[in-house]
Amino acid sequence: MTTLLIVLPLAAALIVWILPLNQVSAGSLALLAALAEVGIWIQLLVRYDFAAGGLQFSDRRSWFSDLDVSYHVGVYAFSVWLIGLTVIVMAATIAYAFWAGRERTRAYMGLMLFLTGAIVGVFTAQDLLLFYAFFEAMLIPLYVLVGVWGGPGRMGATLKFVLYTMAGSLLMLAAIVVYGLSENTFDLVKIGQSSSQWIFLGFVAAFAIKAPLFPLHGWLPDAYRESSPEVAAVLSGVVSKAAAYGFLRIAVAKFPEPAHDFRAPILALAAVGLVYGSLLAFRAPDLRGVVAYSSLAQMGLITMGVFAVNDLGLDGSVLQMVNHGFISATLFLLAGMVERRALTGELGRLGGMARGRPALATLLMTTGVIALAVPLSSAFAGEFLILAGVFQRGWGWAVVGALAMVLAAMYVLRLVSAVLHREVGPAVSDAALDLRPAELGVTVPLVACLLALSVWPAAITQHSFRGDHGGADVSAQFK
Amino acid sequence: MQHSFGRPQVDWFALAPVNALLLAAALALLCAVLVPRPWRKDVSAALCAAGYAVAFGFAVALYVRSAQGHGIVADAIRRDRFAELAGMIVAGSGLVAVGISYRERAREDHVAEYYSLLAAAGGGMAFFVAANNLMTLFLALEWFSLCLYILCAIDRDRLGGLEAALKYLVIGGFGSAVLLFGSALVYGATGALDFPGIAAAGAEHDTLLVFGLAMIIAGFGFKASAAPFHMWTPDVYEGAPTPVTAFMSAATKTVALVVALRVLVTAFPHDADLWTVAIAVIAVFSLVVGNFAALVQKTVKRMLAYSSISHAGFMLIAVAANSALGARALLYYLVPYAATSLGAFAVVAARERELGVPVTYENMAGFGWERPLLGISMWAFMLGFAGFPLTGGFVGKFYVFAAAYRHGWTWLVIVGVLATLVSLYYYLGLVRAMFMRRTEDLQLAPIGGSPPRDALLQTSVFACLVVTVGSFFAVQPLIDLAKHAANSLPF
């Protein structure tokens, strides 16, 4: 079943690439595959035994035996949620791309499907080399998606994005070689814990760039601004979670000692990123800038939760990963819809869009309210758990986190009011319609997921680690 | 010499790949006089291809039947799996090279000679990889080098072709002379010509022997185009006809590295502490020079030439590991590398034929969308060179790093990783040029009509694509082949 989840989108990608379909049939085929993927995930969710926990639906075949590298995939309870986030967001973005009509549809849809398979692969790989292969495979479609279909500054954006990411990934490759050979296996389940600080830092470098953590976020604003809205949604919503997953699955679980030794500096960087990202988001002149920098802030917060390494922090960070995935995907898609109408994302030229556009206003407002973590929202639950978790590691961290919640309220409200309220901006004409049914069809399910999580955040927090003991599960390396 | 001058027992079966290629060369040469001009090209190309195909078949049969490696023809050459696996790579490369060459427009005259020389070069290489003493080694080296010198110059009206050939001749001749002088010193020090004999007679750190060893390493460095012996590479790769460049980059490099490993491991085990360090230093040089010089290239062939220097560096890391794992890494690496390299040059050849001018980053613009098969293949080849997953280049690099780490050289892993990072700039630069720039944005010379269909070249490119990607998935069978081949060497 796990293998099916990986192979289905890859096979669909190949079909879309090879068959000479027209724009409509290529798009429908891709959307159909993405929806089938969601269906399989629902099956997985229903059949996953949360009471037992641990690795389920695993599939292991030798890839090359002399170094004990295998194709080993499987699903842990918390990966179920991350896969769910991936397949839902990917389906929504593919649907949006189909509706918006991208040039060279077959190539575009194939790349999106390929990306889906690679991301699901990252969340399910239980072999270090396989994990690396999927981690890198994500980059190939992203590179083209940003570079070919991006805005005018796409060349610089892709170059920066690839060089940053690969610098981290290659350090991780060196770390994987050293770690795997010294333990004589590359199997993530079998491999023992290590106390080597260098190997740990190799992994952390890769994830810190991908997330990104301050000060390694240089690629982020360009990549998020220059790519098409749905690709930005995938980048910030899903791809960044691969990094958080890596922190959790490898850096913390396999390197408990170095993770302990480096806790203070990593928490400090995450906290700086949280505050700095929030401030930049507050100052950003355009829609995408706000969402991009808020993504930097949120990834800092999630990293804090992971490196708190206790039950509260881990539960909170998994919940927040899913929350932020849906929130930023929705916001980027909405930003794309606004840009489509106003032909600009500059906040100074927008405004007053609420009048006569109730659907847009409602969706943006709802997502915004959840994003700023008002009590009863799922983001509030996630952030509160993370803060409670880091509080146990030192009250100072929690104070910084709480400060960031205030900043989040500031930038979200600024965004919402700049787009929806105030007097009508020069870029907004009366001809700009409210969201079309197709746009609603894309965004409403994402917001519905957020509302569902707000109603029942325990769906994730109590079903992510065995018996709700994340700390114990992670220390036992998820066995 | 310990051998009496009796007539040695000849194992004709073991010589079959070489003889098949020699026969093909001879028949192709006869075509030049006996076959009427309209059919000459087809017949000679078919003969050359048949020679390579038969040689490939014999190499496979020999691989299967040579589980126990042993010397043949008075121990002058070895019949073992190591040689046969290399022979398979050479024969496969030759076959693909014929496919790339077929439509080369400029070569309507001397076409039979061209295919004859191409087959003869392959025969020399198949002989070279089996060499078991310094005489046969040098003989085979000159044999295939002479063929390649002429092949580089065969298009006399090609801009830079003669210059390239002359440069190759002079520098290659210098490299051969260095190798020969080194061989003489080794013979002087040990009184033996065959590799096991040198190992048996050689004393540790004998000055004369070490000098000879150093010169032999330098000689191989020239052939494998490893820095600092690389200076001929960019000019020759650029000036030679592109199909010849493709063949050289895949096959010459393969045999030079494979034979270097065999000589170093079998003949110089005493001085392993010296040559492993020397090879590691050369590897680092190659990585640095190859990658940094490739960054500033404007023509694709020169970029690929420098990239081949950097790949020599990667493969020399595997040689320097001096272990069974290293040998496995080298042999595995060569398979996707040869395919990737042939494929990349084939795409360059296709573009060259369309435009009629040297292929640069600029005039590759839009190519990916115009010719999807070639464009996507080129994309895959660039990812393969850069060591991205879904290509065998990734697993190859992983094995090389594993071998270096097992040898205790973590620093070499770091150097390799950094070199890979630098290489991304120019490999992805080409992808960028092909897919992300629009043809209309650039002031290009008008092409004039649609390019001629070239089914053979496209088939060759597709075959290379299949090997490049397939070697990522089929690691186990390839590693098993490489493992059995590496067992022929005394580790």
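Two strands are said to pair if DSSP finds at least two bridges between them. In this predicted model, strand β1 (residues 56-64) of chain A is joined to β2(A) by six bridges, and the two strands run antiparallel.

**The paired strands of chain A**

Among the residues of this pairing, Arg60(A) stands opposite His72(A) in β2(A), while the bridge partner of Arg61(A) in β2(A) is Tyr71(A). The hairpin of β1(A) and β2(A) has four residues between its strands, and in it Asp68(A) takes a positive phi near 55°. Strand β2 of chain A, which covers residues 69-75, is mostly covered, since six of its seven residues are buried.

**Two helices side by side**

Two packed helices are described by the angle between their axes and the distance between the axes. For helix α2 (residues 23-47) and helix α4 (residues 105-124), both of chain A, the axes come within 9 Å and cross at roughly 10°. Because angles under 35 degrees count as roughly parallel, α2(A) is roughly parallel to α4(A). On the side of α2(A), the contact is made by Gln23(A), Ala26(A), Gly27(A), Ala30(A), Ala33(A), Ala34(A) and Glu37(A), and on the side of α4(A) by Thr105(A), Arg106(A), Met109(A), Met112(A), Leu113(A) and Thr116(A). Sorted by class, this contact of α2(A) with α4(A) has seven nonpolar, four polar and two charged residues.

**Where chain A touches chain B**

How many residues of chain A are in contact with chain B? There are 27 of them, in contact with 24 residues of chain B. On the side of chain A that touches chain B, β1, α5 (128-149) and α6 (154-183) of chain A each supply at least two residues, and the largest share, 13 residues, comes from α6(A). By class, that side of chain A has 21 nonpolar, three polar and three charged residues.

**Two residues looked at one by one**

Phe64(A) lies in strand β1 of chain A, and among the residues that Phe64(A) touches, leaving aside those up to four places away in sequence, are Val69(A) of chain A and Val475(B), Gln476(B) and Ile479(B) of chain B. Is Phe64(A) buried or exposed? Phe64(A) counts as buried because 21 C-beta neighbours lie inside 10 Å, and 20 or more are needed for that word.

Gly273(A) has its place in helix α11 (residues 263-283) of chain A, and this residue is also buried, with 28 other C-beta atoms within 10 Å. Not counting residues up to four places away in sequence, Gly273(A) touches Leu213(A), Phe214(A), Leu296(A), Ala297(A) and Gly300(A).

| Residue pair | Separation in sequence | C-alpha to C-alpha distance |
|---|---|---|
| Phe64(A) and Ile94(A) | 30 residues | 35 Å |
| Gly273(A) and Tyr132(A) | 141 residues | 26 Å |

**Confidence of the prediction**

The predictor gives the complex an ipTM of 0.92 and a pTM of 0.94. Chain B averages a pLDDT of 90, and 95% of the residues score at least 70. Where pLDDT is low, the predicted coordinates should not be read in detail.

Key
Residues are numbered from 1 along each chain as its sequence is written. Chains are lettered from A and ligands numbered from 1 in the order in which they are written. This is a predicted model: local features need pLDDT of at least 70, side-chain atom pairs count only at pLDDT 80 or more; totals for chains, interfaces and linings use all residues. Axes are lines fitted to C-alpha atoms, for helices over the stretch in contact, and angles run from 0 to 180 degrees between N-to-C directions. Angles under 35 degrees count as roughly parallel, over 145 as roughly antiparallel, 65 to 115 as roughly perpendicular and the rest as oblique. Two residues are in contact if their C-beta atoms, placed from the backbone, lie within 7 Å. Ala, Val, Leu, Ile, Met, Phe, Trp, Tyr, Cys and Pro count as nonpolar, Asp, Glu, Lys and Arg as charged, and the others, Gly among them, as polar. A residue is buried if 20 or more other C-beta atoms lie within 10 Å of its own, exposed if 12 or fewer, and partly exposed in between; C-beta atoms are placed from the backbone. pLDDT is the predictor's confidence in each residue, from 0 to 100.
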